[in-house]
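Welcome! Take a moment to look over the sequence and the structure, and then we can walk through some of the details together.

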Amino acid sequence: MASAAEQLASNLNFSAFSKAEELKKRIWFTLGALLVYRLGTYIPLPGINLAAYAQAFNHQAQGILGMFNMFAGGAVARMAIFALGIMPYISASIIVQLMTSVVPALEQLKKDGEQGRKVINQYTRYGTVLLATVQAYAIAVGLQGSQGIVTNPGPFFLFSTVITLVGGTMFLMWLGEQITARGIGNGISLIIFSGIVANLPQAISGTLELGRTGALSTPIILAIIVLTIAVIGIIVFVERAQRRLLIQYPKRQVGNRMFQGDTSHLPLKLNTSGVIPPIFASSLLLLPATIAGFAQSHNLPAWATTVLSSLGHGQPLYMASYAAMIIFFAFFYTALVFNPKDTADQLKKHSGFIPGIRPGERTAEYIDYVLTRVTVLGAIYLVIICMLPEFLISWAGVPFYLGGTSLLIVVSVTLDTVAQIQGHLIAHQYEGLIKKSKLRGGKRNR
């Protein structure tokens with residue numbers, strides 16, 4: 001079966017794609033949904049003085065607002081109806097996943113299959129509404145407290161802003177679910193992906209403009225291009241890398257016949273935590289810079305000024321803290337999403353075992369041991385990828401934010417989407433082969 005699938009995958013071509021009508025419908029639906037999202041990032045909130053807001057945003061662009069603006073596809077810089085983006089939903093998902101490991105009732109729901117998953121998804125939606133409401137109210141209060149940004153401040157502005165921003169987030173959550181169900185790829189990931197890619201041409205043109213004016217030399221720009229290609233190659237290699245544990249199943253007897261035991265593999269990804277560690281680490285480290293920007297009008301203590309300046313981009317304390325947080329969250333999130341004990345129990349339930357390892361607790365310990373070593377490599381990989389732009393900023397003064405979380409998201413989502421497209425094409429070719437075999441069988445019967 002595996003060899004047949006590989007043979008079909010090797011024979012994929014444009015003619016096969018042109019015949020896959022269902023796949024084309026899914027791709028067109030996905031592109032249409034992403035177009036709606038991009039249009040929404042250009043619709044500003046009512047009652048905002050955009051010129052005054054743009055001036056205020058430029059002072060905070062290097063803080064956490066800049067990172068949120070990247071994930072929101074520029075909607076924060078324009079204070080659009082999708083300014084909150086999909087981040088409240090992601091935060092709620094992570095919180096609910098954490099609670100499933102702590103609250104026994106939620107842990108039982110997680111084990112209840114499809115019905116339990118629906119209930120957990122509903123709790124995630126409730127959490128999204130709560131987080132989005134809190135964040136929207138904070139944004140509304142901050143906008144109203146800034147001089148000249150809100151044209152008509154008051155309770156009505158607060159109410160309309162909260163309703164609009166929360167409604168925008170809930171619409172994006174629904175849109176992402178529709179893309180996942182009726183389109184191609186993971187809808188939430190594709191929304192973040194499109195937001196990052198939309199800002200890429202502007203970043204490239206800005207870098208080329210610096211080269212034209214002489215602010216960046218031609219060798220440095222060429223080095224950036226080569227380094228970008230190398231980083232993409234590393235991400236593709238590592239994201240596909242797995243540590244496979246051999247699983248064997250015992251021989252079984254059916255009637256008078258003895259069947260040989262099956263073998264399979266338990267794949268452990270090198271980077272199980274994905275892009276969550278860099279996102280969390282960036283959010284926590286950019287928060288002091290944002291607080292400092294908002295507190296410019298106040299006289300901060302000398303120690304606070306020293307700490308905040310040490311946590312700026314390119315500073316040794318910032319780099320060390322960034323690397324330490326990425327490593328911590330890599331292990332934390334891996335332990336959250338992968339439970340060796342549950343995996344060992346499932347293997348024991350289906351009579352599977354790792355050769356040389358006793359089923360049950362010993363198997364869980366062995367899986368945990370292997371997973372820990374794999375996560376060490378994954379954490380080192382994340383640190384290298386995410387620290388590259390920091391070294392470029394501090395050493396060469398390159399303003400173009402190369403690599404890091406954005407490049408990691410873009411490459412990972414691209415790989416997942418291409419894999420799903422290939423899966424649909426393989427399924428379509430299998431259906432075609434089955435139909436042809438049925439037609440041939442019908443002709444022979446005649």
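## The start of helix α11

Asn186 caps the N-terminal end of helix α11, with a side-chain oxygen 3.2 Å from the backbone nitrogen of Ile188. Bear in mind as you look that this is a predicted model. Helix α11 itself covers residues 187-198, which makes twelve residues. From its first C-alpha to its last it reaches 16 Å, close to the 16 Å expected at 1.5 Å a residue.

Which residues of α11 are buried? They are Gly187, Ile188, Leu190, Ile191, Ile192, Ser194, Gly195 and Ile196.

## The chain as a whole

Stepping back, you will find 19 helices and four strands in the chain. Of its 446 residues, 39% count as buried. The accessible surface comes to about 25100 Å², and 64% of that belongs to carbon and sulfur atoms.

Contacts also say something about the fold. Among those between residues at least 6 apart in sequence, 75% join residues at least 24 apart.

## A buried asparagine in a loop

Now find Asn271, in the loop between β4 (263-269) and α14 (276-294). Is Asn271 buried or exposed? With a relative accessible area of 3%, it is under the 20% cut-off and therefore counts as buried.

The side chain of Asn271 has polar partners to look for. A polar contact of 3.0 Å joins it to the side chain of Glu239, and one of its polar atoms lies 3.4 Å from the backbone nitrogen of Gly274. Leaving aside residues up to four places away in sequence, Asn271 touches Glu239, Tyr381 and Leu382.

## A nonpolar patch on the surface

Next, turn to the surface, where Ile327, Phe331, Val376, Leu377, Ile380 and Ile384 form a nonpolar patch with about 500 Å² of accessible area together. The elements giving two or more residues to this patch are α16 and α18 (361-395). Helix α18 provides the largest share, four residues, and Ile384 is found in that helix.

Phe331 belongs to helix α16 (residues 316-337) and is partly exposed, at 31% relative accessibility. Residues up to four places away aside, Phe331 touches Thr372, Thr375, Val376 and Ala379. Phe331 and Ser273 are 58 residues apart in sequence, while their C-alpha atoms are 7.8 Å apart in space.

## Three salt bridges

The structure holds three salt bridges. One of them pairs Glu22 with Arg26, their closest N and O atoms being 3.6 Å apart. These two are four residues apart in helix α3 (residues 21-40), so about one helical turn separates them. Glu22 is partly exposed at 49% relative accessibility, whereas Arg26 is buried, with a relative accessible area of 18%. Lys341 and Asp345 also meet in a salt bridge, at 3.5 Å from N to O. They too are about one helical turn apart, because four residues separate them in helix α17 (residues 340-349). Here Lys341 is exposed at 53%, and Asp345 is partly exposed at 35%.

Glu177 and Arg125 form a salt bridge as well, with closest N and O atoms 3.1 Å apart. Glu177 lies in helix α10 (residues 155-182) and Arg125 in helix α9 (residues 114-145), so the pair ties together parts that are 52 residues apart in sequence. Glu177 is partly exposed, with 25% relative accessibility, and Arg125 is partly exposed, with a relative accessible area of 24%.

Note on methods:
Residues numbered from 1 in each chain as written. Predicted model: local features only at pLDDT ≥ 70, side-chain atom pairs only at ≥ 80, totals over all residues. Heavy atoms only, no water. Buried < 20%, exposed > 50% of the residue type's maximum accessible area, 1.4 Å probe, protein only. Contact = heavy atoms within 4.5 Å. Areas by Shrake-Rupley, 256 points an atom, 1.4 Å probe, with all protein chains shown as cover. Patch = residues over 30% accessible without salt bridge, like charges linked within 9 Å, V, L, I, M, F, W, Y side chains within 5 Å. Salt bridge = Lys/Arg side-chain N within 4 Å of Asp/Glu carboxyl O. Expected span 1.5 Å × (residues − 1). Polar contact = N/O pair within 3.5 Å; in protein donor to acceptor, adjacent residues only side chain to side chain.
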